[in-house]
Amino acid sequence: MESLPRDPDTSLLDFTQAEDKDKCILSSDSFYSSSSPHEQKTLPIDDRSPLRGPQGRFDPYDSSEEYVGVVTLPNQVRQKAVKKGFVFNLMVVGESGLGKSTLVNSLFLTNLYTDRCMPDVSEKIARTVSITKSTVDIVEEGVNLRLTVIDTPGFGDAINNNDSWRAAVHYVDQQMEKYRRDEIGLNRKNIRDNRVHCCLYFISPHGHGLRPIDVNFMKALDQRVNIVPVLAKADSLTPKETRNMKAKILTEIDQYKIKIFQVPDCDHNNDPFRQQDLERSIPIAVIGSNTVVERDGRRVRARAYPWGIVEVENPSHSDFVHLRNMLIRTNMQDLKHTTHHVLYENYRINCLCKNPCLENV
């Protein structure tokens, strides 16, 4: 059959369309092959990345084809968290004279007890355990932390201390119940978290391990709050006495099956050696001081004695640095996470199981 003559312009157009079609097929094949979850990779963001602006910051409006923009998600979460602010509720429990107030002031570099008056001996014996709250806003480089310290004055001061732990248990349960009612209410936007995220329990250094009041308190609260045992006034013990006291306390904690806060496994961003130091330091032997002294040309927080100076932040003198790192720098979110997802969930489940409406479910 004889072929008909074709217009040269039409032939050129058909050839161009066929070439474009081949390109589209090739680009589609390359797209599907590169979208495989095992093959699709993004290059790491470094200082020489084309997505970084002139100041070295990530530019979310850069239309580069090499990046999707998922790398900005942590920045978005951080901006919202910083704008909202952070909350941390710390309970300190221990008998009078163990340096609870001084340690809290040393930890957060603030003065929470400006108008506090110390009762005399007769008032200590007569009064019962009470709950006092002190709140302060700490701002550091644009990050706002609302710190609430719950103290228990009168704990361990009476002659009969069998029920000294009840006031603390009642307060912890009360805050759990308040949060649960706010959570099931109509307006859940502005729920204030007053739950206790951590409890520093101060153990006297002038004994031989745990006393009955220590065991009763920690057994009563270990299912309700993260307990961190603290060996108070470590400067009153020699290094050998401190090691023996720590070993004795840990042995009795295991003996009475008391649950204390366990430092979670570190991720790739944390130093495993620092985590091991923190784990070995529990119970944490601490020294607190609000006095700044001059030593070797530098100003340090320390206690001055006739025989020398004990530095608060010197790891060879006390475990103060480990306690500060755990509470603030490395494990504050772990304490809050355990409070919400473990302790509070257990409390909520117990409340649901006690509901008579759910007995026949």
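Colleague: What share of the 361 residues of the protein chain counts as buried, and what makes a residue buried?
Modeller: Of the 361 residues, 36% count as buried. The word means a relative accessible area under 20%, while exposed means over 50% and partly exposed lies in between (1.4 Å probe, protein chains only). This is a predicted model, in which local features need pLDDT of at least 70 and side-chain atom pairs count only at pLDDT 80 or more, whereas totals for chains, interfaces and linings use all residues. Residues are numbered from 1 along each chain as its sequence is written, and side-chain values use heavy atoms, with hydrogens and water left out.

Colleague: How many helices and strands does the protein chain have, and what makes a run count as one?
Modeller: The protein chain has ten helices and nine strands. Both are DSSP runs numbered from the N terminus: helices are H or I with at least four residues, strands are E with at least two.

Colleague: How is Arg303 classed, buried, exposed or partly exposed?
Modeller: Arg303 has a relative accessible area of 32%, which means that it is partly exposed. This residue is found in strand β8 (residues 298-305). Leaving aside neighbours within four places in sequence, its contacts include Thr102, Asp235 and Gly288.

Colleague: What makes the pair of Arg303 and Gly288 a polar contact?
Modeller: A polar atom of the Arg303 side chain lies 2.8 Å from the backbone oxygen of Gly288. A polar contact is a pair of N or O atoms within 3.5 Å; within protein, one must be able to donate a hydrogen and the other to accept it, and residues adjacent in sequence count only if both atoms are side-chain atoms. The 2.8 Å separation is therefore within the limit.

Colleague: How do you know that β8 and β9 pair, and in which direction do they run?
Modeller: Two strands pair if DSSP finds at least two bridges between them. Tyr305 stands opposite Gly308 in β9. These strands belong to an open sheet of three with the order β7-β8-β9. Its edge strands are β7 (292-295) and β9 (308-311), each pairing on one side only.

Colleague: What is the strand order of the sheet with mixed pairing?
Modeller: That open sheet of six strands has the order β2-β3-β1-β4-β5-β6. Its edge strands, β2 (132-140) and β6 (284-285), each pair on one side only. Strands β1 (residues 86-93) and β4 (residues 198-203) run parallel and are joined by four bridges. Met91 stands opposite Cys199 in β4.

Technical notes
Contact = heavy atoms within 4.5 Å.
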